[in-house]
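Please take a first look at this protein. Then use the briefing to find your way around its fold.

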Amino acid sequence: MSRNNIKAWNTYKTLYVIPYDEFFTYLNEDRSLFVYKDLCLKVDKPRIKTHLFKSNKCVCGISTTHFAIQLSKNQTTPHINAWHIVDDKTKYLMTSDHIISKRLNGSDDLSNRQVLCMTCNNKKN
Ligand SMILES: [Zn+2]
């Protein structure tokens, strides 16, 4: 399987792409809301919180470089995805992994979460 997740990228309509560091400037104090242009999005998904409150680095060494505000097909409310972006053709989706899997009763809590790129996440499962 390819490391590159350009297919995943192309399944979304991308509204905005924001560099990792800049993203923090659009968050409220407790990092629960993202306010940018005409958008006000809740940052309530562990998927994104893991990147904001823990580390943005995968075990393989790559890290989240951007957040993308994206829409899936038929979606009207955009969501935030974390990406490692090298160039137009090289993009890796960054996920939030359960360190102890849910199958083994691992919790949903941030303490049991780590950032993994999609490739490392797929290898693990
Ligand atoms: Zn990785």
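What follows is a short tour, from the overall shape to single residues.

This is a predicted model: local features need pLDDT of at least 70, side-chain atom pairs count only at pLDDT 80 or more, and totals for chains, interfaces and linings use all residues. Residues are numbered from 1 along each chain as its sequence is written. The protein has 4 helices and 7 strands. Helices (H or I, at least four residues) and strands (E, at least two) are DSSP runs, numbered from the N terminus.

**Overall shape**

- Along the sequence, the pattern reads α-β-α-β-β-α-β-β-β-β-α.
- The radius of gyration is 14 Å, close to the 14 Å that the globule rule gives for 125 residues, so the protein is as compact as a globular protein of that length. This radius is taken over C-alpha atoms, and the rule is 2.2 Å times the number of residues to the power 0.38.
- Along the principal axes, the C-alpha atoms fill a box of roughly 40 × 35 × 30 Å.
- Buried residues make up 26% of the 125 residues. A residue is buried if 20 or more other C-beta atoms lie within 10 Å of its own, exposed if 12 or fewer, and partly exposed in between, with C-beta atoms placed from the backbone.
- Of the contacts with a separation of 6 or more, 56% join residues 24 or more positions apart. Two residues are in contact if their C-beta atoms, placed from the backbone, lie within 7 Å.

- An open sheet holds 5 strands in the order 1-4-5-6-7, with antiparallel pairing. Two strands pair if DSSP finds at least two bridges between them.
- Strand 1 (13-19) and strand 7 (113-117) are the edge strands, and each pairs on one side only.
- From one strand to the next, the twist averages 35 degrees. Axes here are lines fitted to C-alpha atoms, for helices over the stretch in contact, and angles run from 0 to 180 degrees between N-to-C directions.
- Strand 1 pairs with strand 4 (residues 66-71) in the antiparallel sense, over 6 bridges.

**Leu71, a residue of strand 4**

- Leu71 lies in strand 4, and this residue is the bridge partner of Lys13.
- The two C-alpha atoms of Leu71 and Lys13 are separated by 5.0 Å, yet these residues are 58 apart along the chain.
- Leu71 is partly exposed, with 14 other C-beta atoms within 10 Å.
- Beyond its neighbours within four places in sequence, Leu71 is in contact with Tyr12, Lys13, Leu15 and Pro78.

**The hairpin**

- Strand 2 (residues 33-36) and strand 3 (residues 39-42) run antiparallel and are joined by 4 bridges.
- Val35 has Cys40 in strand 3 as its bridge partner.
- The two strands form a hairpin with 2 residues between them, and Lys37 in the turn has a positive phi of about 50 degrees.

- Ile48, Thr50 and His51 are buried in helix 3 (residues 46-53).
- Seen down the helix 3 axis, its buried residues fall within an arc of 155 degrees, so they line one face of the helix. The arc is that of the directions from the helix axis to the C-beta atoms.
- These buried residues pack against strand 5 (79-87), strand 6 (90-98) and strand 7.
- The largest nonpolar core has 19 residues, and Trp83 and Tyr92 are among those with the most contacts inside it. Such a core is a set of buried Ala, Val, Leu, Ile, Met, Phe, Trp, Tyr and Cys residues joined through C-beta atoms within 7 Å.
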